[in-house]
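Work through the exercises below with the sequence and the 3D model open. Try each task before reading its solution.

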Amino acid sequence: MKRVTLFDSTLRDGAQGEGISFSVNDKLKILRLLDGLGIPYVEAGNPASNPKDREFFHKAASIPLRHAALVAFGSTRKPDTAPADDPGLEALLGARTRTVAIFGKASCFHVEEVLRTSLTENLRMIEDSIRYLAANGREVFFDAEHFFDGLRENPDYALRVLRTAAEAGAAAVILCDTRGGTLPGEIYEGVQRACSAVQAPVGIHCHNDIGCAVAGSLLAVQAGAVQVQGTLLGFGERCGNANLSSLIPTLQLKMGYDCIPPAQMAGLTQCVRAVGETANVVPDGGMPYVGKNAFAHKGGMHIDGVRKAPASFEHIDPAAVGNAREFLISEVSGRAAVAQALGAGEQEAAEIVRLVKEQEHEGFQYEYASASLQLLVMRRKGQLPPFFEVLYSRTVGEQRLSGEEGGAGSSAIVKIRVGDSCEIGGGEGEGPVHALDGALRKAVGRFFPSIGDVRLIDYKVRVIEPQDATAAKVRVLVESTDGRDVWTTVGVSRDIIQASLQACVDAIEYKLWREQAGKEQR
């Protein structure tokens, strides 16, 4: 089987994405996740840039890794500086990783206008840095920054940069589409030229500024690249990097390349969700392969086709990447769709369709709230255990005095009953829903500690009857996760707090129901 080596930069390039900020513990957790997935190289930061990265490399040295080699990132030496006197190179050695990645300029424009040095000195910087690191026992990957821009400006110089790096001892030369604006066809041609010009293995590093990072990376492999760099969820500088969660299954399942251990492929979706949870990023539902909508079917013809032959509308088996098929149910769904989605018989399916139509007439929407739909059906069938009952709830909004810490805030009280026992939970939050959610969790958590893993990750409100102005019905959709699964619940009322409470109660009951169902299956 052909081999493509994966190089994940979630902890370095990914950390440069807007809104991404990893603690040292976050980085250690993601390192373990990527190692468990079978990623061969994990680039984890620049030890010369900040104390946090230096602390990370110190702590990471004691973590046993099964698959991944940890990579420290830096640059070539500064102009007119000896390698041994360059603090960046010394910091790379101080990270004590077997592998390092350094970048250097492959564009004449960048050498002369950004580095403000000569083309000759730039080549010496590349050669000296690689020889110095290699002489100190490091495997060196050279990132040819702005390579494709440089190839358009001055192809002879861009290729000379690669040859200089290869001859100095680079283990691989990586062609970087640093601005992310190169078309896939140009990348294919550029990789071919690079492979013809150097003896060293060639890799690819694409940014996604024109939405072509994955396509460019795939064509690079077809042109001869043997290393692919990216980030697991695609986030990174500006528009992000090539998304490895798309590249891994495409390369391995469709193109026949060996990327990660076959047994790990079924863990891809879960790994993406766990990394997203750690990064405080909600993975886009439309992400290929691993998104929650990747194998979701709504149209009647599609559902009918998948029921008869899954390959009719699914390009792979969802289980191959650890995802799951979902049928979206709405008032336009037929009995066949409901029967397939919920495992119901024909008569039962007809009753469920009638019930869904009634509920959606009242303003509920189950197309994107399948968890609430499942609970609705289980309640109607008398198969949902009475986990808890909300007896009372109250929220109070307040405006704190100017200068008091926290600004505006709210508090809430929720009283529940579980069997013969009652519990009252109180909570504070930035708004009434935040406070209500906290109070509900506190009360329920006394009886069911596992809900401590659940958190709300999205909250949407839609006015259903705008003509009624402030007396209109509202629909609240709540998306929740326990770090492993993601589910959505819905509530409807003329009172936005009541609608929110319905959705939050469903979110917790769905977690408890799934947990109980899992225990019964074992």
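The model is predicted, so local features need pLDDT of at least 70 and side-chain atom pairs count only at pLDDT 80 or more, while totals for chains, interfaces and linings use all residues. Residues are numbered from 1 along each chain as its sequence is written, and side-chain values use heavy atoms, with hydrogens and water left out.

**Exercise 1.** Determine whether methionine 287 is buried or exposed, and list its contacts beyond its neighbours within four places in sequence.

Solution. 
- Step 1: locate the residue. Methionine 287 is in the loop between α11 (268-279) and β11 (296-297). Helices (H or I, at least four residues) and strands (E, at least two) are DSSP runs, numbered from the N terminus.
- Step 2: apply the cut-offs. Buried means under 20% relative accessible area, exposed over 50%, and partly exposed in between (1.4 Å probe, protein chains only). Methionine 287 has 8% relative accessibility, so it counts as buried.
- Step 3: list the contacts, meaning heavy atoms within 4.5 Å. With neighbours within four places in sequence left aside, methionine 287 touches Leu233, Asn243, Ser245, Val272 and Ala294.
- Step 4: check one distance. Asparagine 243 is 44 residues from methionine 287 along the chain, and their C-alpha atoms are 9.4 Å apart.

**Exercise 2.** Describe how strand β7 (residues 172-177) is paired and how its side chains point.

Solution. 
- Step 1: find the partners. Two strands pair if DSSP finds at least two bridges between them. Strand β6 (residues 139-145) runs parallel to β7 and is joined to it by four bridges. Strand β8 (residues 202-206) is also parallel to β7, with five bridges.
- Step 2: name residues that face each other. Phenylalanine 141 is opposite alanine 172 in β7, and valine 173 has valine 202 in β8 as its bridge partner.
- Step 3: sort the side chains. In a regular strand the side chains alternate between the two faces of the sheet. From β7, Ala172, Ile174 and Cys176 point one way, while Val173, Leu175 and Asp177 point the other way.
- Step 4: check burial. Six of the six residues of β7 are buried.

**Exercise 3.** Compare the span of helix α1 (residues 24-37) with the expected value, and state what covers its buried residues.

Solution. 
- Step 1: take the expected span, which is 1.5 Å times one less than the number of residues.
- Step 2: compare. Helix α1 has 14 residues, and its 20 Å from first to last C-alpha is close to the 20 Å expected.
- Step 3: list the buried residues. In α1 these are Val24, Lys27, Leu28, Ile30, Leu31, Leu34, Asp35 and Leu37.
- Step 4: name the cover. The elements over the buried residues of α1 include β2 (5-8), β3 (41-43), α2 (51-60), β4 (69-75), α10 (244-254) and α11.

**Exercise 4.** How many residues does the largest nonpolar core have?

Solution. 
- Step 1: define the set. A nonpolar core consists of buried Ala, Val, Leu, Ile, Met, Phe, Trp, Tyr and Cys residues joined through side-chain atoms within 4.5 Å.
- Step 2: read the total. The largest such core has 88 residues, and Phe56, Phe147, Val191, Ile204, Leu232 and Ile248 have the most contacts inside it.
- Step 3: find the main contributor. Helix α7 (residues 155-168) gives the most to this core, with seven residues.
- Step 4: note the separate core. Apart from it lies another core of 30 residues, including Phe448 and Trp487.

**Exercise 5.** Classify the ring pair of phenylalanine 387 and phenylalanine 448.

Solution. 
- Step 1: recall the rule. Rings of Phe, Tyr and Trp (its six-membered ring) pair if their centres lie within 6.5 Å; planes under 30 degrees apart count as stacked, over 60 as edge-to-face and the rest as tilted.
- Step 2: count. The whole structure holds ten aromatic pairs.
- Step 3: apply the rule. The ring centres of phenylalanine 387 and phenylalanine 448 are 6.1 Å apart and the planes are at 85°, so this pair is edge-to-face.
- Step 4: Phenylalanine 387 and phenylalanine 448 are 61 residues apart, and both are buried.
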